[in-house]
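Try each task before you read its solution.

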Amino acid sequence: MKQVVIVLDGVVAKRFLDSVLEKYFSNNLYIVIAKDTAMIPEKIPSAFSFYSFDPTSEFHVEQMLSEHRGNELSDVFLIMENPKERCASFEIFRKLCKNARIVTFASGFDENSKARKDEHAVFIDDSNVVAGQFISRLPNVPIIPRGFGLGKGEIMEVGVPSGSVFAYRHIGSIQQKNYKIIGVYRKNEFILANFSFVIQPQDVVLVAGEPKTLTSVYKQIKSDMGQFPSPFGRDIYVYVDMLLQSKENLLSDIQQAIFMHHTIRSTKLFVQVLNPSDFAIIYAIKQMCEQDSSISLNFNYQNLNFAQRLTLDSTKKIGLIIVGAEIFSRRANRRALFDTASPVLKTARLKLMDAKTGIVVVNEAMSEGENISSVIIDVAMQAKMDIQVYDFDPDGHHQEAIIKDYEAIGRSFKQKIHIIKSTIKNPVFYLNDLDTPMLHFLPFEACIVRSKSLAFFSTKPERLSLLLDKHPQMLIPIS
């Protein structure tokens, strides 16, 4: 996991920080230094550490860096108004972090200075950036703008890490819905994309498409396999409610959350107990959690309902939310879960710990299958599960493109994929007849938020899944 240091001072720095807090990538750790304590937000995400001291003090910078020796320091951003302080901080960080990339303003650094010749430094000329914005709006002037295209993220270039779901795959085997891979940069050459071209680690892919889709694609490409719940977040939150749930179900949900926490690469497990009222159950919960320092136990006595508590917690970007069927069955709660854009694990009668196989039901409307397949394979790899891909179509028009996508990822990561094609048995009946526990993966679509009473009349597998409480389900957000 890489560390990014951000040194802040001034109005531009505040705007930059606000943007980072909104869009940060959870696979990174962010260390923020600000002299002005007003820069520090009230709610600090778990991926951030904030310090308040003078960044021109070598002693304080060295002490701060010594606290974070465990991870690689990849980048330093010096966004400071005072040029002299900026130059002083640059020298300190270059001395202490010889190979880190340092990004800062060009003003204050002489063209012939040692700093400007630093091969690991990036200097931004703010006057050129502003001028470029004006020039880009002149009619009939051919330019290559710094902020490409509309500046809304419709064109993006993304580096491919070694563990990416895109690595070692033919471009033709990647399901591209609402976006296209235009080409690949490799060894300072641009190669136009074609069906048979194989993407390699360290390539930079150039993609174009709908901005929200590209945000999802970026997360897929950048997410190393075996890192879930990243990039959604780093922590798991489990919610139990003493008024809604029996003691057995409540304790079972916490037990399954602890199992999931120890199975996947989550940093911390937060146990949120709503409406605590039974001292015997409170004592039993404390006994389950107190031995593990990575588990944080919180009894909510503020009379907040589930949706209110979740809204407060979701500002920290939750990696995985775990709830029981009793909480999930309420429509307002499903709406709150959907709005977080985090994966949700719904527990069921059969226990997650006993599931050795995951299952995904494919359908014609699963246009975001690429996003879902990468998450499914990631979870299955960590949980040591096989994957069943169930394709039901009474007319025999099976989803070959989606099936090939799962098979391609399975081959790339040596994951067992079992394909089941059926023209007879509806997946709802298939799952209901299974007595062996399976983890059911499905996209968290908007239709799941609708009324449960009308789900029986739907033909969408995702909507019909509301009727199933036998197998644990993982609902994966889509763009």
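**Exercise 1: Helix H3**

Task: Find which residues of H3 are buried, and what they pack against.

Solution. Keep in mind that this is a predicted model. Start with burial: Arg 86, Cys 87, Ser 89, Phe 90, Ile 92, Phe 93 and Arg 94 are the buried residues of H3. Next, look at what surrounds them. These buried residues pack against several strands, including S1 (2-8), S2 (28-34) and S4 (72-79), and also against helix H2 (58-66). Now check the length. Last, go to the start of the helix, where a side-chain oxygen of Asn 82 comes to within 2.9 Å of the backbone nitrogen of Lys 84.

**Exercise 2: Charged pairs**

Task: Work out which parts of the chain are tied together by Arg 101 with Asp 75, and by Arg 94 with Asp 118.

Solution. Side chains of opposite charge can pair when their charged atoms come close. Take Arg 101 first: its side chain meets that of Asp 75 in a salt bridge, 2.6 Å from N to O. Arg 101 sits in strand S5 and Asp 75 in strand S4, so this pair links parts 26 residues apart in sequence.

Move on to Arg 94, whose salt bridge with Asp 118 has its closest N and O atoms 2.5 Å apart. Arg 94 belongs to helix H3 and Asp 118 to the loop between S5 and S6, so parts 24 residues apart in sequence are tied together. Both Arg 94 and Asp 118 are buried.

**Exercise 3: Phe 306 and the cores**

Task: Decide whether Phe 306 is buried or exposed, then list what it touches.

Solution. Phe 306 is found in helix H8 (residues 306-313). Its relative accessible area is 4%, and buried means under 20%, so Phe 306 is buried. Leaving out residues up to four places away in sequence, Phe 306 touches Tyr 239, Leu 274, Val 323, Ile 327, Asn 333 and Leu 337. Leu 337 is 31 residues away from Phe 306 in sequence, yet their C-alpha atoms are 9.7 Å apart.

To finish, turn to the largest nonpolar core. It has 68 residues, and among those touching the most other members are Phe 166, Met 260 and Leu 320. A second, separate core of 25 residues includes Val 5, Leu 73, Cys 97 and Ala 100.

Notes
Residues are numbered from 1 along each chain as its sequence is written. This is a predicted model: local features need pLDDT of at least 70, side-chain atom pairs count only at pLDDT 80 or more; totals for chains, interfaces and linings use all residues. Side-chain values use heavy atoms; hydrogens and water are left out. Buried means under 20% relative accessible area, exposed over 50%, partly exposed in between (1.4 Å probe, protein chains only). Helices (H or I, at least four residues) and strands (E, at least two) are DSSP runs, numbered from the N terminus. Contact means heavy atoms within 4.5 Å. A polar contact is a pair of N or O atoms within 3.5 Å; within protein, one must be able to donate a hydrogen and the other to accept it, and residues adjacent in sequence count only if both atoms are side-chain atoms. A nonpolar core is a set of buried Ala, Val, Leu, Ile, Met, Phe, Trp, Tyr and Cys residues joined through side-chain atoms within 4.5 Å. A salt bridge is a side-chain nitrogen of Lys or Arg within 4 Å of a carboxyl oxygen of Asp or Glu.
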